[in-house]
Amino acid sequence: MNRFKKVCGSVILAASLVIGLASANPVPAKAAASDSDLAELLTLIETAKAATAKVATENTTKSDSELNVSVSLGGLPVASIPVKLTTTVDPASKCASMIGSAEIPDLSAVALLSADLGAALKKLNLQAGTTEIKAYGDLAKKCVYLYNSKAGRSEVADLPAGIAGGTILDNIDATAFAKLAPYLTITKDKANVTLNLKADEAGVKDAKKDINALLKGFTAGIKDNATVRAAMDKIMKKVEIKGVDFTIKFGVDPTTGVLVSHNIDATIDVSVDGAALALVIKNSTASSVTSDTVAIPEAFSKDAQLIANYPVSQGGITFTSAISGKKTVFSVTSVKNAKTLTIPATITKLGTKYNVSSAAKNVFKKATKLKTLVIKNGALKKAVKKSPAKYGLSKKVKIK
């Protein structure tokens with residue numbers, strides 16, 4: 001995993017923490033949003049979506065974004081990760097560029113707070129220092145290209161949600177606002193609408209689903225990275241929510257109805273293995289029309305291989321990608337409990353075929369119904385036949 005992916009992983013992780021933590025049981029705000037406020041808000045959001053999408057399909061748009069994720073312990077700063085990113089979307093070439101930088105701090109102090117937290121951060125393998133962010137998106141193929149300097153190869157992954165439409169609103173289910181009316185406050189003027197959502201440990205339990213529905217778009221990129229997702233899940237198991245204050249401000253051009261900016265300000269008080277932490281996430285993004293053009297450099301797209309730790313499920317079997325030399329290969333990492341299983345020779349993702357060349361230790365152990373195992377890859381079949389117990393197979397299973 002190169003530095004770009006590590007930074008994106010940490011940003012996704014931070015955004016996902018906001019969502020997970022915002023899923024704490026909310027308490028009604030003192031001045032809950034009225035029906036008329038919500039109706040006006042929903043109309044504005046849908047209008048802004050349509051107007052912004054129209055501009056994005058007819059013009060090259062550029063969004064300059066600054067994100068800062070900071071952690072403090074007992075009021076004292078522990079770590080801060082500032083990220084700057086410029087995203088340019090060119091509808092004529094159907095290409096997008098994501099250029100920026102991030103400052104990764106020494107996270108050893110954070111890791112000391114919890115053994116599980118330390119293990120999760122270690123798995124992300126973030127290296128302290130300045131990281132250059134450079135990636136290019138193909139809107140037609142819905143993929144993004146980047147360069148893995150550690151592996152010395154170009155890589156490809158799914159295009160992050162919201163890039164093509166050019167707006168954060170693409171990732172938000174506006175109808176979820178109505179369900180959260182008792183917990184929202186809404187303020188507005190001619191050019192801005194500000195939403196505030198507050199939550200603490202007490203309150204209405206069934207609001208968790210509605211909050212996640214509202215904010216689920218922020219985790220759009222996590223689905224294709226098993227490493228980041230596993231790290232987040234492990235951290236969340238150790239987190240006890242103490243309070244959340246989440247504010248998002250939309251800036252809309254009053255003449256055109258186009259979304260021109262958004263700002264996120266979230267403060268989350270949590271306890272991790274008894275340690276009281278404050279997580280603060282601030283994001284500001286401004287969008288505009290530009291005359292810039294975007295093209296994907298051949299150095300990024302030529303012979304690009306799928307990123308590592310990418311899970312693919314088909315036929316009740318999960319395969320996870322890994323780096324082998326300069327190539328990507330897949331390993332069998334979980335299977336359904338069935339009488340017959342067929343392991344294909346290749347997996348196709350984003351238009352490229354990749355060999356299924358290995359299987360995880362004891363991967364078939366829970367497949368107690370298994371009678372026949374068909375393995376299409378010759379080398380993998382030979383390895384499994386030679387040491388069936390290594391893969392959790394009984395001697396009664398017929399390997400073909």
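**Cysteines, charges and loops**

The sulfur of Cys95 lies 9.6 Å from the closest cysteine sulfur, that of Cys143, which is too far for a bond. Cys143 is likewise in no disulfide, its nearest cysteine sulfur being that of Cys95, 9.6 Å away. A disulfide is taken here as a pair of cysteine sulfur atoms within 2.5 Å, and a search of the whole structure finds zero of them. The model is a predicted one, in which local features need pLDDT of at least 70 and side-chain atom pairs count only at pLDDT 80 or more, while totals for chains, interfaces and linings use all residues. Residues are numbered from 1 along each chain as its sequence is written, and side-chain values use heavy atoms, with hydrogens and water left out.

Cys95 counts as buried because its relative accessibility is 10%, and Cys143 is buried with a relative accessible area of 3%. In these terms, buried means under 20% relative accessible area, exposed means over 50%, and partly exposed lies in between, with a 1.4 Å probe and protein chains only.

Lys94 lies in the loop between strand 2 (76–90) and strand 3 (95–104); strands are DSSP runs of E with at least two residues, helices are runs of H or I with at least four, and both are numbered from the N terminus. The phi of Lys94 is near 55°, a positive value in a residue other than glycine. Lys94 is partly exposed, with a relative accessible area of 46%. Lys142 occupies the loop between strand 4 (129–138) and strand 5, and its phi is positive too, at about 60°, although Lys142 is not a glycine. Lys142 is exposed because its relative accessible area is 59%.

Strand 5 covers residues 143–148 and includes Asn148. With a relative accessible area of 1%, Asn148 is buried. Asn148 is 159 residues from Ile307 in sequence, yet their C-alpha atoms are 8.9 Å apart in space. Ala308 belongs to the loop between strand 12 (305–306) and strand 13 (311–314), and at 11% relative accessibility Ala308 counts as buried.

The charged side chains may be taken next. Side chains of opposite charge can pair when their charged atoms come close. A salt bridge is defined as a side-chain nitrogen of Lys or Arg within 4 Å of a carboxyl oxygen of Asp or Glu, and the whole structure contains four such bridges. Among them is the bridge between Arg153 and Glu155, whose closest N and O atoms are 2.8 Å apart. Both of these residues are buried.

Another bridge joins Glu58 to Lys54, with the closest N and O atoms 3.0 Å apart. Both residues lie in helix 2 (residues 35–58), four residues apart, which is about one turn of the helix. Glu58 counts as exposed, at 51% relative accessibility, whereas Lys54 counts as partly exposed, at 49%.

The side chains of Lys134 and Glu132 also meet in a salt bridge, at 3.4 Å from N to O. Lys134 is partly exposed at 32% relative accessibility, while Glu132 is exposed at 54%.

Lys339, Lys369, Lys371 and Lys396 form a positive surface patch. Patches are made of residues with over 30% relative accessible area and no salt bridge, like charges being joined within 9 Å and nonpolar side chains (Val, Leu, Ile, Met, Phe, Trp, Tyr) within 5 Å. Lys and Arg count as positive and Asp and Glu as negative, whereas His and the chain ends are not counted. The place of a charge is taken as NZ of Lys, CZ of Arg, CG of Asp or CD of Glu.

Lys371 is exposed, with a relative accessible area of 53%. Ala367 is found in the loop between strand 18 and strand 19 as well, but Ala367 is buried, with a relative accessible area of 8%. The C-alpha atoms of Ala367 and Gly392 are separated by 8.7 Å, the two residues being 25 apart along the chain.

Notes: Areas by Shrake-Rupley, 256 points an atom, 1.4 Å probe, with all protein chains shown as cover.
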